[in-house]
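Please have the sequence and the model open while reading.

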Amino acid sequence: MAGKKLRIGWFSFTCCEDSTIVWVEMMNENYFKWKDLLDIRHARVLRKINDMAELDVAFVEGAITTESDAKKLIEIRNNSKVLVAIGSCACVAMPAGQRNTFDQETKKEIDFLVKRFRQTDKVRSLKEIVKVDDQVEGCPMDEAAFLRTLDKYLKQFGVVDA
Amino acid sequence: MHKDDDEEIITLENISKIEGHGSLDIRIKDKKVKEVTLKITESKRFYTQAIRGKMALSLPVQTSRICGTCSIAHFTACSEAVENAIKYAISDQTMLLRKLAVYSMFIRDHALHLYLFSLPDYMGKDSVLDFDESQNDLIRKAFAIKAAGNNMSKVIAGRAVHMTYAEVGRFSKVPDAAEIRKTIDELKSVRDYVIDFTEIFYASDFKLERDTDFVSLVTSDYSFVDPGRIRDTRGADIDENRYKDFLDKVVIPYSEATGYSFEGREFMVGALARMNLNKENLHRDTRRDMAKYIAAFPSKNIYRNNLAQSIELLHSIDHSIEILESNAFAPETVPAPVVKEGNGVGVIEAPRGTLYYMVSIDKTGKVQYGSIIVPTQQNQICMERTVRDTVEQNIGKDKHAIEHEIEKMIRAYDPCMSCASHFLRINWHGI
């Protein structure tokens, strides 16, 4: 297993990107260790040239607000063996989906903007569109829970000893 | 990229190494730029509507979710607005803790932008992930600086993203002596690293000058948390409460974020504006050790925003060390905030520029109306026009070279699309 790395992607949809920031802050302590264990194939926050083909694990943050984002999510799902929802917006569509809870009058007030930017009637969590294998909850995601999840897949994909 | 008659169309999608999502359409004809449209494509989350009817005392917890990386700024400005609305005066200790929380964010957030987003541009690489082993020392130092800010946030505010110790009117926990000592030692340990990095940004020949108006809050200690004055480089000097008389909303139909003009003109906010208007208020230790770099300001070179951030990073460290070394922090009993009817304004400088909050509270303590204006909205018009300058400066080069120059320039603005929608997909039309 020497030299084998976990092929991962880090994706972000509608949210405040708090978990992306937490992930990047976790690199303060983990960067060199992760460089040996992870092949970061796709991470717009860190690089321009990205590739999502044949990922072992896709970590996906944010809620889905448009059909084009739903299509991108399906594409990510089709390219990854495991998909992990990261943070509250991805897991339960909140708080990014707070407009789902608006009364009829407020929904009417924002309707022209929802239509202008081709947002869907309802803001959706990831599991409402694709199969989600795992999730790391929190707003932002809980660091310890993320490390446990990452460790689980490092073992499952044979990158480190189980 | 495709040709439409003799028109060239360029589309740049999903600008990388920025916070959030944006795209750009560029139309070129006869080697002249015909049209540039910068679209913030981060989906709107309708916070203006969502905060109505919410309890004012919990409002900062909700609005800090507008942005992950500058959540401490949103929490702080929102708290200030609520406190002004209910006429609640915070204690001196709360003010110091608030300044420390904001400084910890400036250290972490400026380090993120400078070292992970912008540094690869200066090193001729796509990503910090592509740095070779000879650059490991540079990476170690970058992460050490970022960690110093992140760890300081944890000590002062509970955590760096969506802080847990802060409330309207007070902090629920104060740091103990051991935590303070450790924080001071860590800040001191990275101070020289910051100076080393500053030389890289200073020595760069990246240049794109724009004759725009620079706007910033001005306070006497460069913390921007105390009440201050809003000033611009043309001589405006405005009370914080009167900001709405000077900022005008500009609807940009193709962007999910509203733009703003200042007295009817384009303007720029952020570190470059702050350095152009405030540099005499930097900490004395920063002024002593950064004199060569500070002398580069005032500047109209947009890329000097990175140098300005690097200087501010050291100021944030120096002023934090002074506050932590010269004050004793102890749990204190402060009066509980009592909600009442009123309007309040909160203005601070977030890492990317001036952040305005206005809240109107009814007699039951609920928010009737709230208005939030974030830095990237204010920079949107100036940023779009600077993209046009960049394309014109590079016309004739191949598409990839132009795209790289555009992204590099936009990164220098350090936009935050999550905030603005409350970065970049380029659609080229004609090259």
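What is the strand order of the open sheet of 3 strands in chain B, and with what pairing?

## Basis of the model

The model is predicted, with local features needing pLDDT of at least 70 and side-chain atom pairs counting only at pLDDT 80 or more, while totals for chains, interfaces and linings use all residues. Residues are numbered from 1 along each chain as its sequence is written, and chains are lettered from A and ligands numbered from 1 in the order in which they are written.

## The sheet and its helix

The order is 13-14-15 in chain B, with antiparallel pairing; strands are DSSP runs of E of at least two residues, helices are runs of H or I of at least four, both numbered from the N terminus, and two strands pair if DSSP finds at least two bridges between them. Strand 13 (342-350) and strand 15 (367-373) of chain B each have a single partner strand and stand at the edges, so one side of each is left without a neighbour in the sheet. Neighbouring strands of this sheet are turned by 10 degrees against each other on average, direction ignored.

Strand 13 of chain B runs antiparallel to strand 14 (residues 353-361) of chain B and is joined to it by 9 bridges, and B:Val347 stands opposite B:Tyr356 in strand 14 of chain B. Helix 11 (residues 375-394) of chain B lies across strands 13, 14 and 15 of chain B, at about 130 degrees to strand 14; axes are lines fitted to C-alpha atoms, for helices over the stretch in contact, and angles run from 0 to 180 degrees between N-to-C directions.

## The contact between the chains

Chain B and chain A each bring 34 residues to their contact, where two residues are in contact if their C-beta atoms, placed from the backbone, lie within 7 Å. On the side of chain B that touches chain A, helix 1 (47-50), helix 4 (92-123) and helix 5 (136-157) of chain B each supply at least two residues, and the largest share, 5 residues, comes from helix 5 of chain B.
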